[in-house]
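Subject: A structure for you to explore

Hi there,

Here is the structure I promised to pass on. Please open it and have a look around before you read my notes below.

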Amino acid sequence: MRALSRRVCRSLLSGLLVGVLSALPLSVRADGFGAGGFGPFPVRNFQALNLLVLGMPGDRAAVLKQGTFDVRLELAETANIARDETDQAIARMKFETLRSALFLRYGVAKRLEVAAEIPVVYRWHGFMEGAIIGVERATTGEAPARTALKDFGYVFDVRSGSRTLFSGNEGTLGLGDISLYGKYQMLLESPSRPAVSFRLGVKLPTGNVGRVFGSGHPDVGIGLAVEKTVASRFVLYGNLNGVFPTGSIAGLPLQPVVSGLAAVEFLWTDWFSLTAHFDYYSSPYHGTGTQVLDKGVTEAVFGFNCRITRNFLWQVYGVENLDFIRGSAADVTLATLVTYRFGS
């Protein structure tokens, strides 16, 4: 089974491996991924207007070994669909966002790691609508917002009364807000207790406010990450975070955000695993008059982790809006990540 999973993963990603590995410095010794699980996926609230606030992406409690360095590239394609018209506000969004991010992480000390994330965002009409409509018609029925906006290939228009809050043209590309992270492992895992880490995040206002790529203000976040291996093949993960935005966005006052996830990973082999999440995010906006901004988000996540070599990890996951809280979430997200790990 192990040999089969390795062959499948190698064949699927062989071309990408050649390009990435050729660009890496060969003078650095690699320190590979362990066999104790790969952690939850680095999900966040991918709804376009919530991306303007600091995201505390899904993370495990274990920290990198001292002197170890990770380089991660992520591509996340999100279909945003929303339509809400009230006496106070009008919100119409139908577009896809491609968020590509470079994530750098370093083990500073035995229980401490630091990280930085540099995102680039691109908004366009996208390619997923046909597949999404097919799935909706075969299951729950076509989403009302999609039906209402069927004549639009691309629309991004959120207004309060006569004032435009958010808008953007198709084909816009730009740097998002850069985030810095730190994680300190307070408890090591033992047979009787889980691993527990404290997390800290800071968002820098590097994104263009006028093009809706940034908030124009810094944010601060804190959180806890927990993980525990059970029955040798299952790893349980939990995250709980609080984010404290500063300033305002488009003149809208902001409130603290609470987010969390519960995830389970099944270790099929040392080289391959499956992971599923349940995620929740409250909204930074309130009192706007439209549920697209005011309501929180509940989502399900499923994907796989494949260790191509000892020090190279490939991950793929999808995010589906559960719509327990209607109208506020992005519709669907598909993401792929590659991570290369160097030792000291």
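What follows is a short tour of the aromatic rings.

Please keep in mind that this is a predicted model. The count of aromatic pairs comes to 14. One of them joins phenylalanine 69 and phenylalanine 342, whose rings are stacked, with 6.4 Å from centre to centre and 20° between the planes. Planes under 30 degrees apart count as stacked, so this pair qualifies.

Are they buried or exposed? Phenylalanine 69 is partly exposed, because its relative accessibility is 29%. Phenylalanine 342, at a relative accessible area of 5%, is buried.

Another pair to find is phenylalanine 312 with tyrosine 340, which is edge-to-face: the centres are 5.9 Å apart and the planes make an angle of 65°. Here strand E16 (residues 312-321) supplies phenylalanine 312 and strand E17 supplies tyrosine 340, and the two residues are 28 apart. Both phenylalanine 312 and tyrosine 340 are buried.

Now put the pieces together: Phe69, Phe312, Tyr340 and Phe342 form one aromatic cluster.

Finally, look for charges over rings. Arginine 72 lies over the face of phenylalanine 103, 4.0 Å from the ring centre. Likewise, arginine 307 has its charged end over the ring of tryptophan 271, at 4.3 Å from the centre of that ring.

Enjoy exploring!

Best wishes

How values were computed: Residues are numbered from 1 along each chain as its sequence is written. This is a predicted model: local features need pLDDT of at least 70, side-chain atom pairs count only at pLDDT 80 or more; totals for chains, interfaces and linings use all residues. Side-chain values use heavy atoms; hydrogens and water are left out. Rings of Phe, Tyr and Trp (its six-membered ring) pair if their centres lie within 6.5 Å; planes under 30 degrees apart count as stacked, over 60 as edge-to-face and the rest as tilted. Buried means under 20% relative accessible area, exposed over 50%, partly exposed in between (1.4 Å probe, protein chains only). Helices (H or I, at least four residues) and strands (E, at least two) are DSSP runs, numbered from the N terminus. A charge sits over a ring if NZ of Lys or CZ of Arg is within 6 Å of the ring centre and within 35 degrees of the ring normal.
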